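Student: I have a model open and would like to go through it with you. Shall we begin?
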Amino acid sequence: MTDDPHDAWTRRLLSLGPGIAPDRAREFVHELHAHAQSDLDDERAEADFEREE
């Protein structure tokens with residue numbers, strides 16, 4: 001966990017659940033970010049579409 005932009009969130013998750021493997025925590029944070037970004041992209045696309053109508 002060096003230059004990973006999700007490092008702070010991974011450390012927070014690991015501090016909340018001492019039984020979580022670091023690799024699993026990192027994977028979870030990456031997946032959560034990807035899904036959140038996808039949702040934001042969908043919302044932006046929908047807003048852009050509504051503005052164009």
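Student: Where is the place of Arg44?
Tutor: Arg44 lies in helix α2; helices are DSSP runs of H or I with at least four residues, strands are E runs of at least two, and both are numbered from the N terminus. This is a predicted model, in which local features need pLDDT of at least 70, side-chain atom pairs count only at pLDDT 80 or more, and totals for chains, interfaces and linings use all residues. Residues are numbered from 1 along each chain as its sequence is written, and side-chain values use heavy atoms, with hydrogens and water left out.

Student: Why does Arg44 count as partly exposed?
Tutor: Because its relative accessibility is 48%; buried means under 20% relative accessible area, exposed over 50%, and partly exposed in between (1.4 Å probe, protein chains only).

Student: And Glu53, where is that found?
Tutor: Glu53 is in the segment after α2, which spans 22-52. Glu53 counts as exposed because its relative accessibility is 69%.

Student: What fraction of the 53 residues is buried?
Tutor: Buried residues account for 15% of them.

Student: Changing topic, how many helices and strands does the protein have?
Tutor: There are 2 helices and 0 strands. The radius of gyration is 16 Å, well over the 10 Å that the globule rule gives for 53 residues, so the protein is more spread out than a compact globule. That radius is taken over C-alpha atoms, and the rule is 2.2 Å times the number of residues to the power 0.38.

Student: What box do the C-alpha atoms fill?
Tutor: Roughly 50 × 20 × 15 Å, taken along the principal axes.
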